[in-house]
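Visitor: I have a model open and would like to learn how to read its features. Could you take me through a few of them?

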Amino acid sequence: MSDERPCPPGEYPVVIVGSGPGGLQLSYDLRRLKIKHALISKDIGPAGMFRRFPMFGRLITCSRPHAIVECGCPAYFRYDWNSLVANQTEHQALVTEFMDGDNYFPSRAEMEASITAFAERGGVEVRYECEWTSTRREDDGSFVLGTSDGEYRAKVLVFAVGMIEPWRPPTPGIEEVPHYVDIAATGIDYLKGKKVFIIGKRNSAFEIANGLLPHACQLILGSPHGVRPSIATGFPTAPRARYVQPLEDARFGGGTFVVDVALERIERTPDGYIVHADGTTGLGKVAFEVDEVIACTGFATGLGDLRKLGVETFYKDRLPTQTPYWESTSAAGIYFAGAATQGQAGMRKYGWPSHSASVSGFRFNAKVQAIEIARAHFGYEPPRRRIDPAKAVGYLLDQATSEAAIWSQHSNLARQLSFDEAGAHDEGISVLLDFVDSSGPDAIAITVETNLSGDLQPCAYVRRDGNVREQVFGPAWMNDFRTDENRARLAELLRGLGQNVPAAS
Amino acid sequence: MAAGHPQVDLDLATLPLFCELTSTELDAVTQEFEEAHAQPGERLLREGFVGTGFYVVVAGEADWLIGGHQVDRTATIIGTPPKPVTLRRGSWFGELTVLFDEPSISDVVALTPMHLLVIAGHELEGFLRRYPKVMFALLKGNARRLRDPERWR
């Protein structure tokens, strides 16, 4: 019987590894740019991760069935953190189309259905059950990717392999306890009625603790650092509100303890475990006798043999170091997509990390990255849409108020306009880090940022005569930045850019 | 691991800012910071920009620049002639911008591949209050820069 799967082994300009939302979004956009590529996946279908995670069935990112803008319009994606972004309406597969309406956090099955439909409607071709096994670079700089189906040759490789490898700190004894990813396989039945120590206080730890509240008789969450949930920090990477019920239970004395301790070692006993620790807030040494221990200590990117090709890492070897366009800083031609793109932390304005850990942010990374790969490696010239200079101010404030790419990647992605004697040009969505540190014609890039008070505000970066200056705008009621004051300030900033550009709005 | 950007053992106990902390405190401090990396030529602080963080250099070197020129940071305070400064393992920067909540007066530009710790600006004050030993080390370090810029360099 012949193998009718697409993308057979052979030579391609680009090979993408991974059929999660990062790989599918990139493939969709490369296809629109007519960059031939192969997309391979070891999974049996799209979005394999969502068949296993999150463990308790629903995502922590929301998709609003009803928003103040029309479902599916570009601005709607501000309110839908999960859907992949199509360029054509007929390719759209919004998660809300598959949700039952009971919750604005989609279930894993609903997410998987949406991603599967996106791949089908957008014509994304994937060779499933094709596992990446090795990588090498040839003398001419091209790559050879070994897979379970044979060899692929490519000028550019993109790894969209997620960040789901279990990671543990070097605490003695921790290798004996199951990790979050192991619990996804074993289930939680064996924890019923047990005293459980959960190592960690991030989302995975609180997700498990929240799920175990009706099952375990006692829960202890321990790590050196105090809890700072998302509703306090404003960061979506911090423990999310829907998981912090155990924190309230601890405050109410309900049988959950959330302790600030440095773990010294974990001792296996005939009856369970003793977790030896030292309080980081002054209570001193302590030994927790528990039935079970779970390590919710984080995840790493599965890099296979890429380190041998020179891919450097940081964050305790968990993430590859990346350029502004998510290319390895040390192995040219190797790119990353999906959750691994959080290794490019962006501008870190006001301490905000990028939103690249979740679909909401990395789907827009993929769209920008597709253009950059096409431009840098295959001679593609991105179109530059002419903008009536008289409408530039209004356009930029519209973008700051509603553009989903900007809102999904505060301080990291920006709408860029350039100016020359011919007028104003829309350069599309840009990586802000690249814009502020590179030279070029007079231009402006506008984004939104969250300031020290937690307020959202626009920020414009203006490049004039090669120098980039930052111009912060104030917050506005209902985050509608199209105020008369902002129009006047922005008009002044644009005055004279690219020579005689009219400053009216 | 490729040359030029080795995997770094943080070993915070050997950094002047953290050397007074117990091992338990060091465990906690490690989680207060995020890890960051930078490539040669990359800007970590940008002159005139707000919203920066506080950085500690774990590995690598960076230039400290004002108006694109290499300077001794004390020069702006006590009027001494500009002298080049290289930030290296154990150095820190960004605290003045954060504490004064003002735009940075300088650029910090990586000279080599760098490994850093960074804490968001709005978290610095709380962090220093939780770890007064670190606050005191920072105070001593900054005072030394004023008193003895040659030694600091």
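Predicted model: local features only at pLDDT ≥ 70, side-chain atom pairs only at ≥ 80, totals over all residues.

Visitor: What share of the residues in chain A is buried?

Guide: Of its 505 residues, 49% are buried. The chain has eleven helices and 22 strands.

Visitor: And how do I judge the overall size of chain A?

Guide: Compare its radius of gyration with that of a compact globule. For 505 residues that would be near 23 Å, and chain A agrees with this at 24 Å. Along the principal axes, the C-alpha atoms fill a box of roughly 80 × 60 × 45 Å.

Visitor: Now a helix: which residues of H4 (residues 121-130) of chain B are buried?

Guide: They are Gly121(B), His122(B) and Leu124(B). These lie on the same side of H4(B), because they cover an arc of only 165° around the axis. As a general idea, an α-helix has 3.6 residues a turn, so residues three or four places apart point the same way.

Visitor: What covers that buried side, and what does the other face carry?

Guide: The cover includes strand E3 (53-59), helix H3 (95-100) and strand E9 (114-120) of chain B. On the face turned away from the buried side of H4(B) are the exposed residues Gly126(B) and Arg129(B).

Note on methods
Residues numbered from 1 in each chain as written. Chains lettered and ligands numbered in written order. Helix = DSSP H or I, 4+ residues; strand = E, 2+ residues; numbered from the N terminus. Rg over C-alpha atoms; globule rule 2.2 N^0.38 Å. Buried ≥ 20, exposed ≤ 12 C-beta atoms within 10 Å, placed from the backbone. Arc of directions from axis to C-beta. Contact = placed C-beta atoms within 7 Å.
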